[in-house]
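Dear colleague,

I am handing over the structure below, and after it you will find a summary of what was found. Please read the notes with the coordinates open beside you.

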Amino acid sequence: MVETSTSLLELGGPVVLILLVISMAALAVIFAKVFQFSSARVGRNNQARQAVALWRSGDRAKAAQNLLKDRSLSASLVRGAMDAIQMLDQQPLSSQERDIREERLREEISARAADRLFALASWLKALDLVTQIAPLLGLLGTVIGMIDTFQTLQDSGAAASPATLAGGIWVALLTTACGLAVAIPVSVAVTWFETRLEKERAALEVLLTGVFTAGTGVPQASG
């Protein structure tokens, strides 16, 4: 493997070296994001849905208790909203004052959710940039390689052989293949992360709305 990597670097030149560095950096970011998503338990909101159902049925104590051991992002935000509403209920407020404070509370919880989701989305733009520049770098390496190949053929004149031309072309195309090999898996990873975030955002919106609104219906969150 080491010999193969060394051979690729020798044939592809500095462009392949740059792509190798980019791929290693992208891989490190992907592993870090997987750990971050796993720690936040993104997409795991079954307990939060059950707690919201209990909350809307009137069993607020059990609803809050169901979230004590759940360390997911959704559980943390739902529990925060429930605690804040219970504290609000204990204050002697007029109907108008309560509506104002509840609206401010909803804005605060929504801002907190947006902040947490923004943190989860960090570095995804960098990965998306990799998917865009890796093929372009590969194409740049191919163009440079083709220029060198045709310059060599021009210098060789009538002595140029088809084997020399073919060898120069496949070496030039090597950088394009390397660029695509970097971009494709990174693109798949970015799509997966963004899809999980969109599902989590939709689930949080449904769950938090279920906490703040009255009614007997129990919202069903996806994901």
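**Salt bridges**

Asp 83 and Arg 79 are joined through their side chains by a salt bridge, at 3.0 Å from N to O, where a salt bridge is a side-chain nitrogen of Lys or Arg within 4 Å of a carboxyl oxygen of Asp or Glu. Before going further, please note that this is a predicted model, in which local features need pLDDT of at least 70 and side-chain atom pairs count only at pLDDT 80 or more, while totals for chains, interfaces and linings use all residues. Residues are numbered from 1 along each chain as its sequence is written, and side-chain values use heavy atoms, with hydrogens and water left out.

Both Asp 83 and Arg 79 lie in helix α5, 4 residues apart, which is about one turn of the helix; helices (H or I, at least four residues) and strands (E, at least two) are DSSP runs, numbered from the N terminus. An α-helix has 3.6 residues a turn, so residues three or four places apart point the same way. Asp 83 counts as partly exposed because its relative accessibility is 29%, and Arg 79 is likewise partly exposed, with a relative accessible area of 22%; here buried means under 20% relative accessible area, exposed over 50%, and partly exposed in between, with a 1.4 Å probe and protein chains only.

By the rule above, the count comes to 5 salt bridges. One of them pairs Asp 89 with Arg 60, the closest N and O atoms being 2.5 Å apart. This pair links distant parts of the chain, with Asp 89 in helix α5 (residues 73-89) and Arg 60 in helix α4 (residues 60-65), 29 residues apart. Asp 89 is partly exposed at a relative accessible area of 36%, and Arg 60 is partly exposed at 30%. Another salt bridge is formed by the side chains of Arg 201 and Glu 198, at 2.8 Å from N to O; these two residues both lie in helix α8 (residues 162-212), 3 residues apart, or about one turn of the helix. Arg 201 counts as partly exposed, at 35% relative accessibility.

**Overall make-up**

The protein has 8 helices and 0 strands, and of its 223 residues, buried ones make up 35%. Among contacts (heavy atoms within 4.5 Å) between residues at least 6 apart in sequence, 78% join residues at least 24 apart.

**Helix α2, α6 and α3**

How are α2 and α6 oriented to each other? Helix α2 (14-39) and helix α6 (residues 95-121) pack at an angle of about 150°, with their axes 10 Å apart, and they are therefore roughly antiparallel. For these values, axes are lines fitted to C-alpha atoms, for helices over the stretch in contact, and angles run from 0 to 180 degrees between N-to-C directions; angles under 35 degrees count as roughly parallel, over 145 as roughly antiparallel, 65 to 115 as roughly perpendicular and the rest as oblique. In this packing, Lys 33, Gln 36 and Phe 37 of α2 meet Ala 119, Leu 120 and Ala 121 of α6.

In α3 (46-57), the buried residues are Ala 48, Ala 51, Val 52, Leu 54, Trp 55 and Arg 56. After α3 comes Gly 58, whose phi is positive, near 105°.

**Loops and a buried threonine**

The loop between α2 and α3 holds Asn 45, which counts as buried because its relative accessibility is 2%. Although Asn 45 and Leu 204 are 159 residues apart in sequence, they are 8.8 Å apart in space, C-alpha to C-alpha. Arg 41 lies in the loop between α2 and α3 as well; Arg 41 is partly exposed, with a relative accessible area of 31%, and has a positive phi of about 50° although it is not a glycine. Most residues other than glycine have a negative phi. Trp 123, in the loop between α6 and α7, also has a positive phi, near 75°, and at 57% relative accessibility Trp 123 counts as exposed.

Finally, Thr 142 lies in helix α7 (residues 124-156) and is buried, with a relative accessible area of 8%. Leaving aside residues up to four places away in sequence, Thr 142 touches Ala 172, Leu 173, Thr 175 and Thr 176.

With kind regards
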